[in-house]
There are 2 protein chains.
Amino acid sequence: MYVEQATREQLQQWHKELTTNHQSFVAGGLNLDLTRGKPSASQLSLANDLDGALKGNYIADDGTDTRNYGGIDGLPGMKALAADILGVKAEDILVGGNSSLTLMYFSALFGWQFGFTGPTSAWRNEDKVKFLCPVPGYDRHFAICEELGIEMVNVPMDDNGPDMDVVESLVRNDQSIKGIWCVPKYSNPTGCIYSAETVERLANLGTIAADNFRIFYDNAYVVHDLTDDPAELPNIMDYCRKAGTEDSVLQFGSTSKVTFAGAGVAFMAASAVNLKAMKNHLGIATIGPDKVNQLRHLRVISNVQQLRAHMIKHAELLKPRFACVLDHLQKNFADSDLGSWSTPEGGYFISFDTRPGLASEVVKLAAEAGVKLTPAGATFPYGKDPQDCNIRLAPSFPTVEDIDKAMAVFCNSVKLASVSQRLQAG
Amino acid sequence: MYVEQATREQLQQWHKELTTNHQSFVAGGLNLDLTRGKPSASQLSLANDLDGALKGNYIADDGTDTRNYGGIDGLPGMKALAADILGVKAEDILVGGNSSLTLMYFSALFGWQFGFTGPTSAWRNEDKVKFLCPVPGYDRHFAICEELGIEMVNVPMDDNGPDMDVVESLVRNDQSIKGIWCVPKYSNPTGCIYSAETVERLANLGTIAADNFRIFYDNAYVVHDLTDDPAELPNIMDYCRKAGTEDSVLQFGSTSKVTFAGAGVAFMAASAVNLKAMKNHLGIATIGPDKVNQLRHLRVISNVQQLRAHMIKHAELLKPRFACVLDHLQKNFADSDLGSWSTPEGGYFISFDTRPGLASEVVKLAAEAGVKLTPAGATFPYGKDPQDCNIRLAPSFPTVEDIDKAMAVFCNSVKLASVSQRLQAG
């Protein structure tokens, strides 16, 4: 279907058919949800051995009684595992609670309020503080900036990650830019993996950026591959060491989409300077992370090899779901001018771009037909997609059968919105 | 031993004997620790059934899959249990992660940065913000204030809680006072229980205090009785409802000293207004608390009756430890002018006051003899005990045998410091 060159007659004919479809969907009373990057119950069940894994032995290998107070930065064993996941040394790791988002929030908060290198480095001392936000991106990152009053600047993404020409130009010319949000592997939502050049140029930003600049590097999907031969994300800290910019990167990860989404183990990797600041302030804010849960995780997943084997089971559950979405998109839109989409090899999302100005309408039509989509604009700072075209599809949670139904609705909604727009344009 | 009226000769004789004792302790190479309010391994083992409690069933009574994302304020079942513990309704509860300290930190932070009732209510808008700190008190409360630059004002404590004449006068006359820290039951470290009059007058503060005043009511030891017939703490929310001051109190509690110190469940109780603000901002800062751990707790401790039965087992382990400390104090100091102490009926601490100016010296002498005590001053804001007399003794963690040894050192240290001081005073 090509609406651009279609005759008015053809458009009217399509409109009639698509509206009929739409009405039958509405009458069908579906109640489906493609909004959240939530693991399915089957995925969660892969980690059901966690509860009971300790078999009464709560003492970690290093002798720590995990039940008691103490240890602001995690068990040595969990640090070692997290280090292997993120490609750093165990001494670079701080283990948190069940939420890497909280580690990001605290990092942003401490950077804002206290500074990573003392009070004079606190962002709140600046007249204005900005973060670069590659778009489309993750709404919860943007919410942290909005909460702290940090101004967000959109930066375009391509298949290699953020447009680094734009990033470098902005960073070089605007001293108020103090950070950038990155999801370097299977980016949320486009699914791209940052290229070696992008990673190297990110690592080098510390040499041209304003003081107290920090890259928030959310490696949420680092082991979340969907293919047998996944691409490797180049190691940013290797480049940082060459450039002497180790202090400019804060890396984050978790087992939320490895074990339990709400009861996993979060961690971050950072330089000694940054970890010292984090630990100083976390020591005020918490009695320390849940070490019992860390030990449970170590008893079930002791090393990266076991982790990768575990992730293959996730991939087996996720692959047919992604395939279903992509199959619908391919069949409906490959031979069309109605939209474009990503074909990710990992992560949790498929990013779809409608014709300009249609994302809100598609989301509205789908909702009428009982299919909940991520709100249009959610993938942009302040919820404002300048083109109103990006929609994030999250196929992990529903069954393949439900995804199949939901995608039929989605595709009809895209077509109906596109045809209606062309008709209105006259 | 009375040093006040002792002759110089008598003092010199004592000094000689006590120094000999001290030297033999030093030579003994002890390595004991009376600093932290940590449960002992035996106490922690009382909750060893937690891991494995789910037996593969991760679904809560309300149908929630606890493994997945979702639920910023906790499982309904955990809210109900927390409500019974704190004497409020389930709808007044927000369940957190493993640390009530984090809930307090976030409460103070959100009050400071965002305000509980919108931006204009944020404390950071004020020229100066002060909190009242009943002393001696809990160093981690004071650390939160210090972190945020909130000025702390000492208020004396007696057996009924804070001196409410002083509190009311300060609150009435100083609009910069925005909060007060309270540990109303088995206060840390004095062990007192706030009287009904104190609790009522606290509840009424909201009628005379500046706007945006909040009582941080840390009910950490609410079920931590050491006697068979424990005193009841009057319910502050009952008084608040009478006074129309429900928004002025934030209550905190946890199972840290019920189940696992580092892997328990924390919660807070507050008015709808305050909970709304907390949830709004926590929704930015976290994916939500660990619901799996909440469910584990509910499976092991379903209601307050089971909780109280569980706490009796704790009391059995704690009582001989407290008795050992009190026995030493009684034998050494009942018939003396060397110090006074509390005889708590619950909680985790015994508070000892030396003669003025001696706490630091006692801590130093004990350290020389291999007994680590809470640093002098730790129970006061900024670590400054104006009288340098308060020492917090924490007997929960060591064995009775070790407490016995440590207390022999402690008592000798108090005597030696007291006699030395009198000798120096000439």
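**Exercise 1.** Is Lys55(A) buried or exposed?

*Solution.* The model is predicted, with local features requiring pLDDT of at least 70, side-chain atom pairs requiring pLDDT 80 or more, and totals for chains, interfaces and linings using all residues. Residues are numbered from 1 along each chain as its sequence is written, chains are lettered from A and ligands numbered from 1 in the order in which they are written, and side-chain values use heavy atoms, without hydrogens and water.

Step 1. Buried means under 20% relative accessible area, exposed over 50%, and partly exposed in between (1.4 Å probe, protein chains only).
Step 2. Lys55(A) has a relative accessible area of 74%, and is therefore exposed.
Step 3. Lys55(A) sits in the loop between α2 (41–45) and α3 (76–86) of chain A; helices (H or I, at least four residues) and strands (E, at least two) are DSSP runs, numbered from the N terminus.
Step 4. Lys55(A) is not a glycine, yet its phi is positive, about 45°. Most residues other than glycine have a negative phi.

**Exercise 2.** Determine whether Asp388(A) is buried or exposed.

*Solution.*
Step 1. Asp388(A) is found in the loop between β12 (371–372) and β13 (390–393) of chain A.
Step 2. Its phi is positive, about 45°, although Asp388(A) is not a glycine.
Step 3. The relative accessibility of Asp388(A) is 18%, so Asp388(A) counts as buried.

**Exercise 3.** Describe the surroundings of Ser99(B).

*Solution.*
Step 1. Ser99(B) belongs to the loop between β2 (93–95) and α4 (100–113) of chain B.
Step 2. With a relative accessible area of 3%, Ser99(B) is buried.
Step 3. Leaving aside neighbours within four places in sequence, Ser99(B) is in contact (heavy atoms within 4.5 Å) with Ala285(A), Thr286(A), Ile287(A) and Ala266(B).
Step 4. A polar atom of the Ser99(B) side chain lies 3.4 Å from the backbone nitrogen of Ile287(A).

**Exercise 4.** How are helices α11 (residues 304–333) and α13 (residues 400–424) of chain B arranged?

*Solution.*
Step 1. The axes, which are lines fitted to C-alpha atoms over the stretch in contact, with angles running from 0 to 180 degrees between N-to-C directions, come within 9 Å and cross at roughly 25°.
Step 2. α11(B) is therefore roughly parallel to α13(B), a term for angles under 35 degrees.
Step 3. The residues making the contact include Pro320(B) and Cys324(B) of α11(B) and Val400(B) and Met407(B) of α13(B).

**Exercise 5.** Which residues are joined by a cis peptide bond with omega of about 10°?

*Solution.*
Step 1. Most peptide bonds are trans.
Step 2. The cis bond in question joins Asn188(B) and Pro189(B).
Step 3. Pro189(B) lies in the loop between β6 (177–182) and α7 (196–208) of chain B.

Note on methods
A polar contact is a pair of N or O atoms within 3.5 Å; within protein, one must be able to donate a hydrogen and the other to accept it, and residues adjacent in sequence count only if both atoms are side-chain atoms. Angles under 35 degrees count as roughly parallel, over 145 as roughly antiparallel, 65 to 115 as roughly perpendicular and the rest as oblique.
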